[in-house]
Amino acid sequence: MAYAAFRSIGAYVPQKILSNDDLSKMVDTTDEWITKRTGIKERHIADENETTSDLGMKAASLAIERSGIDASAIDMVVCATISPDYFCMPSTATIISKKLGLGPVTAFDISAACTGFVYILAIAKAFIESGMKKNVLIIGAEKLSAITDYTDRGTCILFGDGAGAAVISATEKKEEAIIDVHTGADGTYADLLMTPNGGTGSPHDALEGETGACFMQMKGNETFKVAVRTLTKDVKEILAANNLTGDDIKHFIPHQANYRIIKAVGDALKMREEQVVLTVAKYGNTSGASIPMAMNDVYEQGNLKKGALMLLDAFGGGLTWGSALVPFSPLK
Ligand code: ACO
């Protein structure tokens, strides 16, 4: 049986920075409020002409280069995004494949909001373990600024743009293998986070003229409470299912939504400070891109060593959630 190994990580962050002070000139808020309630200091914003696939392509290119696997050997591309280049079609994954000059690969997008990267990791693992694919490129890419309402202080302070990507490939060595990925969803909470317009759920005509219907809308406080509960439960379950404890984890890489959520979950799991990866202050919430962007920071700081066990944990619109136990297994 083939196992799936996590070979490489890459990310791309747009140049332009939107600080809390910038936002305080746009809506009724302050740097102090945003910092205290979220831990976010700034977020990066893509240029007007820069698309989600542009961000994803740059992250993916770096991940392929670092993997040591030739681009021609990539046989599947999966992109997690809630801000695709085009709603419906074509998928952002097919556009990225073309921009990278890949051959006729299998390519598709998935929608699981902030849990997207954990979902595409599960997909890559399943395709590789079944023997259907050998080298899968997974990308979390978001231009959330395009679907953010910059008149709504409850959401516009949270979100940023960016992309992260990884190459997952087949191995016969069990010690290199992704140990486990858990995914889940509960549509009961679908209305906590949504972009109401543009789909058959709320035909365009019905919402035409409604300000903000194309933008993300969130019941922040309720989302916060479900997030802490679900993230903690999910991690406890995946650790127990694999006979591991928090002490076995080198890097705990949670979705970067809010410092208070990460702190509450980290404390409940008794994670030590040095285990918890934090990038929310400089990138804000980049949804499906947040975990690979955070992982890339650890890599670029020289701290992601071969064999290091990572614990990923995410939560997002849907509601969706997921966690993963992933040893870093580079080829070079
Ligand atoms: N500046 C100043 N005041 C504000 C702001 C702001 N930017 N935003 C809200 N307020 C006010 C509210 O109006 C409210 O005022 P009131 O008491 O007079 O009514 C007060 O602050 C408290 O509002 P809450 O919404 O209760 O604030 P809370 O402490 O919950 O923080 C936040 C809001 C930061 C949004 C938090 O709820 C949160 O982080 N939620 C979770 C977000 C998340 O994890 N999302 C999931 C992933 S996203 C995805 O899937 C795409």
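Which polar backbone atom lies 2.9 Å from an oxygen atom of the ligand? The views below begin with that contact. The model is a predicted one, in which local features need pLDDT of at least 70 and side-chain atom pairs count only at pLDDT 80 or more, while totals for chains, interfaces and linings use all residues. Residues are numbered from 1 along each chain as its sequence is written, and side-chain values use heavy atoms, with hydrogens and water left out.

View 1. The atom asked about belongs to glycine 317, whose polar backbone atom is 2.9 Å from an oxygen atom of the ligand; a polar contact is a pair of N or O atoms within 3.5 Å. A nitrogen atom of the ligand lies 3.0 Å from a backbone N or O atom of glycine 220, and the side chain of arginine 153 places an N or O atom 2.9 Å from a ligand oxygen. Taken alone, the ligand exposes 1000 Å², of which the protein buries 74% (accessible areas come from the Shrake-Rupley method with a 1.4 Å probe).

**View 2. The shell around the ligand.** There are 26 residues around the ligand, and Thr29, Arg37, Cys114, Asn258 and Gly317 come nearest; a residue is near a molecule if one of its heavy atoms lies within 4 Å of it. Helix H8 (220-241) is one of the elements that give two or more residues to this shell, and H8 supplies the largest share, four residues. Helices here are DSSP runs of H or I with at least four residues, and strands are runs of E with at least two, numbered from the N terminus.

**View 3. An aromatic pair.** A search of the whole structure finds one aromatic pair, where rings of Phe, Tyr and Trp (its six-membered ring) pair if their centres lie within 6.5 Å, and planes under 30 degrees apart count as stacked, over 60 as edge-to-face and the rest as tilted. The ring centres of tyrosine 299 and phenylalanine 328 are 6.1 Å apart and the planes stand at 70°, so the pair is edge-to-face. Because tyrosine 299 lies in helix H11 (residues 290-300) and phenylalanine 328 in the segment after strand S13 (320-327), the pair ties together parts that are 29 residues apart in sequence.

**View 4. Two cis peptide bonds.** Methionine 89 and proline 90 are joined by a cis peptide bond with omega about -5°, and proline 90 is found in the loop between strand S4 (76-80) and helix H4 (92-100). The peptide bond from glycine 318 to leucine 319 is also cis, with omega near -15°, and leucine 319 lies in the loop between strand S12 (309-316) and S13.

Definitions and conventions. A polar contact is a pair of N or O atoms within 3.5 Å; within protein, one must be able to donate a hydrogen and the other to accept it, and residues adjacent in sequence count only if both atoms are side-chain atoms.
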